[in-house]
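Please have the sequence and the structure open while you read.

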Amino acid sequence: MTDEVIYEVSLSNERQSSSDRKDKVKYSASSSSENENGRMSADVEVASVKQAEDEEEEFTGTSRTINTDNPFPIDPHSPVEERQFTLRAVLVGCALGAVIAASNVYLGLKTGWTFGASLFGSIFGFAILKPFSTSAPSYLGGGYFGPKENNVVQAAASAAGSLGLLFTSGFPAAYQLGLLSTPSQDIGRLFTFTICCAFFGLAFSIPLRKFYILKLKLVFPSGVAAAYTIRSLHVGKNAARDAKRKTKALILSFCFAITLRVVSEYAPGVLWDWHLFYTLSRIGWTSAIRAESWGWIWEWTPAFVGAGMLTGINSSYSFLGGSVLAWAIIGPIIVSRGMVGSLVGLSCLGLTRVQAFGIPANKSIPGYMNYASMSLTDPVNHPSPRYWLVWPGTLMLLCTSFAEVGCNWKSIYAGMKTIASTVTERFQTQPCNTDKVTKKDDFADPVPADERVPLWMWGSVLILSVIVSCVVMGVQFGQNVGITLLAIMFAFLFSFIGCESSGRTNINPVTSIVGNASQLVFGGLGKGQHYSVKRGELLNLLSGMLALAADMIGDLKTAHLLRSSPKAVFGGQLCGAIVSIFMAAGVYVVFSTAYPCINDLAYTTCSFPTPDVQSWRAVAVAVSSPTLPIPPSSGYTAIGLGIAAVSSVVAKYTIVPPKYHAFVPYVLSLFLLHVSTYPVAMFFGSTIAFVWRRTFFSHYETYCFATAAGFIAGEGLGGIVNALLTIAGVSGAVYGTSVGCPGGVYCG
């Protein structure tokens, strides 16, 4: 659902009269920001560093504030970094990004969420290269390792971990619909298609930097978090001490998470899933089995406890609210067969005399049902609750995303004008008399000209990507050039939306607004061309995925604050993208081999719920089929919830003051397809972080983000190990115990 995690702090910005205006981010406080297009706010929790002793000018009184606009002051005690883009930085960054790429495929298939590698790459990269730089001779890559080179490590890691969402959305949907063969047979096509998607986002980010970072000065919380984390590791009297502590926290949490994920596979009912309501039903409270049937179990997932520690209260609580709405309110109602109107008065949403159907989960346990299967035998008249909920959840995503675009159309339009003027001015004939004064921008670029990414560099990447995409889509998938070019155009247009969202809230709604919205357009094109249903569905999914250009502008925000060379960062991103091509596709093949249920709807249970895949498949089927395969009551409910979602977004921008935006539920997190396990874990993690921050702030700022990053990466890598053990035939399903599992049936 999102590429990045959310960092929570109230930002409220106020334009200052001086020309060197600085936005301030206050821990446990509010500040304010406004641009010419109106007030903006963001909910971010910036990873902080303990620099009060060394940079007291950035802290005022007892309120700790950090600059998010202007480059950091130059440290007079640090050596000049003559090398930023180095072989050692690229190799380490790509290796760390490969770990995140593997984790993102695992986590994305589990929950639809993917995570950025910024914090993980920043801290782990430092832990590897700082000792190496002092111990190795110069001819083996030793030498000074500073914050700018650390930025290149972080950027390469971010790019290397960025393409996992292709294999947690469109491709599994294509296999579930029978549009492709098998991942192992299609491995060549998976690689080439991933190449098509790998470089658009990198090329688009360079011209977008000028508008969103230099002119609008959007926050980009992940980029700011990475910048302050890197600076804390290198600058200040206590930098070495803090770096050691953060590195230790990251390594320990990483090792704990990977160990727990692997070991728990052999005793899942004891070490991973706690079936509390099943236990209560066994000791006498028989009706508690209903909660077990609806998936209300406690799962010790380090990744989503860590995600909650990063995302903050608003998103985590909204995430849990969506799960409660779906699996504790709407789900039981639609299964209760016609009692809706009298029970809760939801007849206005079409929930009268409706029903959905589950299947027995274990016939030896009375009342124990499975409501999470995805049966398509007769989806209109005999839907499962999971299928019924697909349509309201998908329409909520689309309505929310388009409402966000509509409310921010002015700044998006201004950004497009800035990009167009930048490109056209480059090709205008310059006067021979260079003494004439030319029009200057109303904002200055602090980067020296020789460190900027020239037009020919990012332009050539873009042109080559277009050519390769047209060839691959035409030769391997039979798609004409016009539709491919249109998909690329959508990728560019939607990149503005991604920058707006990630710059303000650190959330890039890439799969909902980019992928699903593109699906709607290309579904109409397929019908206009009178394609068969199968060809229309494949066109729909491929074109939607092609528009999923990865957003890398957050790394440029980090470079801006650290005074790094955008050219060096761009080079690191290009190298990382190459690694991501092969890593993401390869890991997907491994998971598909170990867990066939990912691509086959015939399985009634699966370890991977694939919520994003459900929405992609639903949109593809809806826009390609001659008749809508939607239960009428589900459609009416979708319309009602879609209207409510739009109203919530509009109210936030028109009625609610910016300083209260943090209290408006984040509607995209109210996604109805997530079962309870992951929202509960995120709720738990965010609550821990909230109390930790309020009670022990100094420990929180040192350990919280490093610990969370280690949890996320460790569980993802542990999932890879489990997949390999499954393929080898030595997994927990063969040699594990079913103690603690319902009915004594292995539940790993």
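The protein chain has a mean pLDDT of 76, and 76% of its residues reach 70 or more. Two stretches call for care. Over residues 1-65 the pLDDT stays under 50, although the model has 223 contacts beyond four places in sequence for them. Residues 430-440 also have a pLDDT below 50, and this stretch has one contact in the model beyond near neighbours in sequence. Where pLDDT is low, the predicted coordinates should not be read in detail.

Two packed helices are described by the angle between their axes and the distance between the axes. Here are the pairs side by side.

| Helix pair | Angle between axes | Distance of axes |
|---|---|---|
| α1 (residues 87-111) and α2 (residues 118-135) | roughly 140° | within 10 Å |
| α3 (residues 147-160) and α7 (residues 221-234) | roughly 135° | within 10 Å |
| α1 and α3 | about 35° | 7 Å |

Let us begin with α1 and α2, whose axes cross at roughly 140°. Because of that angle, α1 counts as oblique to α2. Their crossing is right-handed. On the α1 side, the contact uses Arg88, Ala89, Val92, Leu96, Val99 and Ile100, which meet a set of α2 residues including Phe120, Phe124, Ile128, Leu129 and Phe132. By class, the residues of this contact are 10 nonpolar, three polar and one charged.

Helix α1 also packs against α3, at an angle of about 35°, and this crossing is right-handed. From α1 come Arg88, Ala89, Val90, Val92, Gly93, Cys94, Leu96, Gly97, Ala98 and Ala101, while α3 brings Glu149, Val152, Val153, Ala156, Ala157 and Ala160. The contact of α1 with α3 has 12 nonpolar, two polar and two charged residues.

Now follow α3 to α7, where the axes cross at roughly 135°. That angle is why α3 is oblique to α7. Helix α3 passes α7 in a right-handed crossing. Here Pro147, Asn150, Asn151 and Gln154 of α3 meet Ala226, Ile230, Leu233 and His234 of α7. What is the make-up of this contact by class? The residues divide into four nonpolar, four polar and no charged.

**An aromatic pair across the chain**

A search of the whole structure turns up 28 aromatic pairs. One of them joins Phe120 and Phe254 in a tilted arrangement, 6.0 Å centre to centre with 40° between the planes. Phe120 sits in helix α2 and Phe254 in helix α8 (residues 239-263), so the pair, 134 residues apart, links distant parts of the chain. Phe120 is also among the α2 residues that meet α1.

Note on methods: Residues numbered from 1 in each chain as written. Predicted model: local features only at pLDDT ≥ 70, side-chain atom pairs only at ≥ 80, totals over all residues. Heavy atoms only, no water. Axes fitted to C-alpha atoms, helices over the stretch in contact; angles between N-to-C directions. Helix = DSSP H or I, 4+ residues; strand = E, 2+ residues; numbered from the N terminus. Parallel < 35°, antiparallel > 145°, perpendicular 65-115°, else oblique. Left-handed = near helix turned anticlockwise from the far one by under 90°. Contact = heavy atoms within 4.5 Å. Nonpolar A, V, L, I, M, F, W, Y, C, P; charged D, E, K, R; others polar. pLDDT = per-residue confidence, 0-100. Phe/Tyr/Trp six-rings, centres within 6.5 Å; stacked < 30°, edge-to-face > 60°.
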